[in-house]
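Hi everyone, thanks for coming.

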Amino acid sequence: MLVLSRENIEQIYTMKDCLADVENVFREHILGNVTTPVRTAIDHPKYGATSLYMPSYLETDDYVAVKIISIFPENHKHDIKALQSVIVLTEAKTGQHVAMMDASLLTIMRTGASSGVATKYLAKENAQSCAVLGCGAQSIGQIQAVMEVRPLTNIYLYNRTREKADEMKQTLLSLYPEWQGEITVMDDANEAVANAEIVICSTKATSPLFDGTRLRPGTHINAIGAFLPHMQEVDLTTVQNSKVVVDTLEGARHEAGDLLIPIESGEWSFEQMHAELGDILIGKKPGRENDEEITLYKSVGVAYLDTAVAKTVYERAKANGMGTEISL
């Protein structure tokens, strides 16, 4: 078995690579070449935490993977990362477990790439401004992916704790020293949204982050933080006024609180949903149709993204003689 660290992955895998893998596997899903059971979520109420177990099988590539991810928001008190995960990759032809890799970076990258692909097809072609609500671990991948598909000139950062937004600004400035755009830290989420053509929601909120009436015509929203039925980042107004696209309908039905909460109150239904993202990628449904419509991409995460990126990382690592071989 090949063991790959975060540092190994950083040397051989980029966001551009990830965007390509994610777009391809969304198509494979719609074409019926992917098997993905709904993930198992185990709550840890004593610690306010969650563990997720996410298996999937890519028939075309003959790989199976399971990602185990733990989300422990209070870990910062112990100087331990809040998000930790590993992927075990299995060769489907023989059942050999060929690799185990750190998945913290890959989770950030593939979640960002999912939003990046959605932004590519749903945001206005000339969108240049982006509001980021929530500056935690996932937000950097979100921003990096959007910057790959749209020529951003302005980024507005909002976080409940302003210090994290300030830190994110410095991170972005160090990652993009040649970028000529402007980064503004905002004290009010509504003001951030009102300035933006693309909105990224990347929090663990249980109540809406902003007033949907503040959205500009033509705005695209990536709502990726709320991954359990009781979580909610966008309000009813936003859902009702948007063309809603999801990563997978099955996942949304089980876990997308942003949609399930309005359904429970009888104010929205999945019949009003526009499409799965893959439907747009294969041309079954249209993406953005004009510059006035508001589009909402709701993602709760899906395991076949992990298998797709892990497969590429493993094969590239083998080709480059990277990682550590161990015998079990």
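Let me start with a term: buried area is the accessible area, taken with a 1.4 Å probe, that two parts lose on being put together, summed over both. What we have here is a predicted model, where local features need pLDDT of at least 70 and side-chain atom pairs count only at pLDDT 80 or more, while totals for chains, interfaces and linings use all residues. Residues are numbered from 1 along each chain as its sequence is written, and side-chain values use heavy atoms, leaving out hydrogens and water.

The protein chain is assigned domain 1 (2–106 + 304–325) and domain 2 (115–301); such bounds come from an automatic or database domain assignment. Their C-alpha centres lie 23 Å apart.

How much area is buried between domain 1 and domain 2? About 1800 Å², with 69% of that from carbon and sulfur atoms. On the domain 1 side, Phe26, Ile30 and Arg39 supply 29% of the area buried against domain 2, more than any other three residues.

Arg39 also forms a salt bridge with Glu255, at 3.0 Å from N to O. By salt bridge I mean a side-chain nitrogen of Lys or Arg within 4 Å of a carboxyl oxygen of Asp or Glu. Between the two domains the count is two salt bridges.

Finally, contact, meaning heavy atoms within 4.5 Å, links 19 residues of domain 1 with 27 residues of domain 2.
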